[in-house]
Amino acid sequence: MKIKTSHGEFNIREMKFPDRRKLHRMEIQTVATDGDVNQEKFFDILEWVREYAFKDSEKELGHLDDNVYQHYKGPSKKKT
């Protein structure tokens, strides 16, 4: 899949359903019941997304974690 960011266009891996569920579980574990965000766990999510999306993420895209994360978190294509 190709995405466009303010840094250019990049080819990333399609996210499969089991991986989307894993990402969601990681997000749930990041936010406490009072709404506070655990920053360490949040950065773990960004690292996981980068490693998931790219073959050699450090070499290619070490500075783009948040753009890819936002793309993956875009609106669900689930039919209602």
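Predicted model: local features only at pLDDT ≥ 70, side-chain atom pairs only at ≥ 80, totals over all residues.

User: Is Thr-30 buried or exposed, and what is its relative accessible area?

Analyst: The cut-off for buried is a relative accessible area under 20%. Thr-30 falls under that cut-off and therefore counts as buried, with a relative accessible area of 3%.

User: Which residues is Thr-30 in contact with, leaving aside its neighbours within four places in sequence?

Analyst: Contact here means heavy atoms within 4.5 Å. With those neighbours left aside, the residues in contact with Thr-30 are Asp-36, Val-37, Asn-38, Lys-41, Phe-42 and Ile-45.

User: Let's follow Phe-42 from that list. How far apart in space are Thr-30 and Phe-42, C-alpha to C-alpha?

Analyst: Phe-42 has its place in helix α2, while Thr-30 lies in helix α1. In sequence the two are 12 residues apart. In space, C-alpha to C-alpha, Thr-30 and Phe-42 are 6.0 Å apart.

User: Which residues does Phe-42 touch, not counting those up to four places away in sequence, and is it buried, partly exposed or exposed?

Analyst: Not counting those residues, Phe-42 touches Thr-30, Val-37 and Tyr-69. Because its relative accessible area is 29%, Phe-42 is partly exposed.

User: Now for the two helices themselves. How are α1 and α2 oriented relative to each other, roughly parallel or roughly antiparallel?

Analyst: Helix α1 covers residues 17-30 and helix α2 covers residues 39-53, and they pack with their axes 9 Å apart. The angle of packing is about 165°. Angles over 145 degrees count as roughly antiparallel. The relation of α1 to α2 is therefore roughly antiparallel.

User: In which hand does α1 pass α2, and which residues of α2 make the contact?

Analyst: The crossing of α1 past α2 is left-handed. From α1, the contact is made by Asp-19, Lys-22, Leu-23, Met-26, Glu-27, Gln-29 and Thr-30. From α2, the contact residues are Lys-41, Phe-42, Asp-44, Ile-45, Trp-48, Val-49 and Tyr-52.

User: By class, how many charged residues does that contact of α1 with α2 have?

Analyst: Sorted by class, the contact of α1 with α2 has seven nonpolar and two polar residues. The charged residues in this contact number five.

User: What about the strands: in which sense do β1 and β2 pair, and what is the bridge partner of Ile-3 in β2?

Analyst: Strand β1 spans residues 2-5 and strand β2 spans residues 8-11. They pair in the antiparallel sense over four bridges, and a hairpin of two residues joins β1 to β2. In β2, the partner of Ile-3 is Phe-10.

User: Ser-57 is one more residue to look at. Is Ser-57 buried or exposed?

Analyst: Ser-57 lies in helix α3, residues 57-61. From Glu-47, Ser-57 is 10 residues away in sequence and 9.3 Å away in space, C-alpha to C-alpha. Because its relative accessibility is 2%, Ser-57 counts as buried.

User: Finally, which pattern does the protein chain follow along the sequence?

Analyst: The protein chain has four helices and two strands. Of its 80 residues, buried ones make up 30%. Read along the sequence, the pattern is β-β-α-α-α-α.

Technical notes:
Residues numbered from 1 in each chain as written. Heavy atoms only, no water. Axes fitted to C-alpha atoms, helices over the stretch in contact; angles between N-to-C directions. Parallel < 35°, antiparallel > 145°, perpendicular 65-115°, else oblique. Left-handed = near helix turned anticlockwise from the far one by under 90°. Nonpolar A, V, L, I, M, F, W, Y, C, P; charged D, E, K, R; others polar. Pairing = 2+ DSSP bridges. Buried < 20%, exposed > 50% of the residue type's maximum accessible area, 1.4 Å probe, protein only.
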